[in-house]
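Welcome! Here is a short briefing on charged side chains that pair up. Have a look at the sequence and the model first.

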Amino acid sequence: MFESLKIYVKEFVDIDEVVSFLDKYGYTRCRKMSLEGEYSLVGETLLIYPVTFEYPVRIDISGEKVKSIKSVDVHSFKTITDHTGVIILPVSILRKTKVKKLPIDGGEQPIASFVDVEPGDFVVHLDYGVGRYKGIQRMRRGGSLKDYFVIEYSGGDKLYMESKDLHKLQRYISFHRKAPMMNRLKGKRWEAAKKSAAKGVARIARDLLTLQAKRENKGGFTFGKDTDWQKDLEEAFPHTETPDQLKATVEVKKDMESPRPMDRLLCGDVGYGKTEVALRAAFKAVMAGKQVAFLVPTTILAEQHTNTFSKRLKNFPVNVQMLNRFRTPAEQKRILADLKRGKVDMVIGTHRLLSGDVEFHDLGLLIVDEEQRFGVKHKDKIKRMRVNVDILTLTATPIPRTLYLALMGGKDISMIETPPLDRSPVQTDVIEYDKRIIREGIKRELKRKGQVYYVHNRVETIDRVAAEVAKLVPEARIMIGHGQMSSRTLEKTMLKFMAGEVDVLVCTTIIESGIDIQNANTMIIDHAERFGLADLYQLRGRIGRFDRKAHAYLVVRDFVTLTHEVQARLSAIKKYQELGSGFKIAMRDLEMRGAGNILGVQQSGFIDQIGFDLYCRLLKNEINKIKDLSG
């Protein structure tokens, strides 16, 4: 039985005993808590970062009584959620739990941890199946009070779990939005479901291993080791790389230097430095005499990436060109001819790159930014380009199938989870339309000489909305930007906004990807209920990308008329406002939207029965078993 520290609101606490426990069980006291396993004590405020908790915990004490317990953001210490109590286990035990490889009924956890579970959520216990988590209940046992995690099953039966068994419990995740069928605590259906799913994953495991074998045997180009110019380029990077950036760069280069064609997903939050990793990979390809295609979803993003690449590569003999509708027909014709002859080293563009008239002299690397933004036909063309070309896919919120393949080994994955220095979370508020709040939000930003995005995703009414904003804030300089404008007009508008000549840009989601404007740190999203979770996350990522505190207002017209699904979506985007939430957003989006039968009807049925987490564990177990048998 693990020893634990239990603290509850409104109860008495001996701070010396708390500090003694933390010191004894592996926590490190420091002046400013920032890492897992650390704690700090300032006056009557205790900050602890337990190893398996998603967020640090702030405990405020008044006299000898606990005043409040909150989960807080590790960088801003802004409150994320309040708690009535907290249970903290020793660091040493928790870290063993994290790395130990156990059999399938208690193995590694490929998806979310128990920390993500809230009362009312469906959960999966590896021994007893699907139930509903009811919260923590304190009970007397053996002469002392103990805390138990309560799971309710079909028929009203309840399971009382001790903290030492938490590794057996996971949040229920499925690919369909319907509620799961709960198991009976003493029934036989759960064991039958596990056995049936274990047999069913065998075919998928063989398919994944066959896919891996085909990739191994494709015989792609083997890139050489880094050149001196590569080192010069990387040393000229004007910022300090995060550890995750460096790790991802190493993983990408290792793939490129392998004879197997690279197919890697680079997953990281907006503004976390994925572009720099891609740039280094692109330069490495050019140094080997290969061409690079960088496929992006919007014309503005193509423009911005071209500017970034050209600036970083200005001291090297690399020809970088952009191909999108900002180019005249004559310019496009010239670029296409040079691309075919090998005179263009890197081409950055929209879906125009997938047109039939685009021919490469010797394409070696394809970089795809936000694959989920492309249509089915475009994705089919991308697949055909994958035959023997290295592929690097960049994303903040991966699409379900890409996410699944990455989790299951069908695609390699690199995660950039370390935020850039001085980056802080975006304060996010969901509000009903209120002219006063909107006016004050805009004026507050203008007062600090900043700029504002006002997102209205209806071209037919955007002029009227811009006029309304002008009435609210008559002193503001306002312009409109949307995708149906002529390329030249849109380009001029964006350049003026980037130059600080516009205070408020009333725009559509054309600014969703790739716009990095340091001075724009307030965003108002009109009719936020019309947007998907990933879209809201991408939009919000356009602000707060530097060291200035940012604020996002998600505006709805009437809370009463919102469906349960919309309320859940808005609640999720508000909850996941801490840095590095992109992967969690993708999983939450997967739960709320459903992903259809991405693995076929039978496999999706297994996932519905036992949950995605256990399905993943069974599949990984089967893959390892086949690998062991094949030697």
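Which residue forms a salt bridge with Glu11? The partner is Arg138, with the closest N and O atoms 3.8 Å apart. A salt bridge here is a side-chain nitrogen of Lys or Arg within 4 Å of a carboxyl oxygen of Asp or Glu, and the structure holds 28 of them.

This is a predicted model, in which local features need pLDDT of at least 70, side-chain atom pairs count only at pLDDT 80 or more, and totals for chains, interfaces and linings use all residues. Residues are numbered from 1 along each chain as its sequence is written, and side-chain values use heavy atoms, leaving out hydrogens and water.

**Links between distant parts of the chain**
- Glu11 sits in the loop between β1 (5–8) and α1 (15–24), while Arg138 is in strand β10 (residues 129–141), 127 residues apart. (Helices, H or I of at least four residues, and strands, E of at least two, are DSSP runs numbered from the N terminus.)
- Glu257 pairs with Lys284, their closest N and O atoms being 2.9 Å apart.
- Glu257 is partly exposed at 21% relative accessibility, whereas Lys284 is buried at 4%. (Buried means under 20% relative accessible area, exposed over 50%, partly exposed in between, with a 1.4 Å probe and protein chains only.)

- Asp338 and Arg341 form a salt bridge with closest N and O atoms 3.0 Å apart.
- Both lie in helix α8 (residues 329–341), three residues apart, about one turn of the helix.
- Asp338 is buried at 13%, but Arg341 is exposed at 51%.
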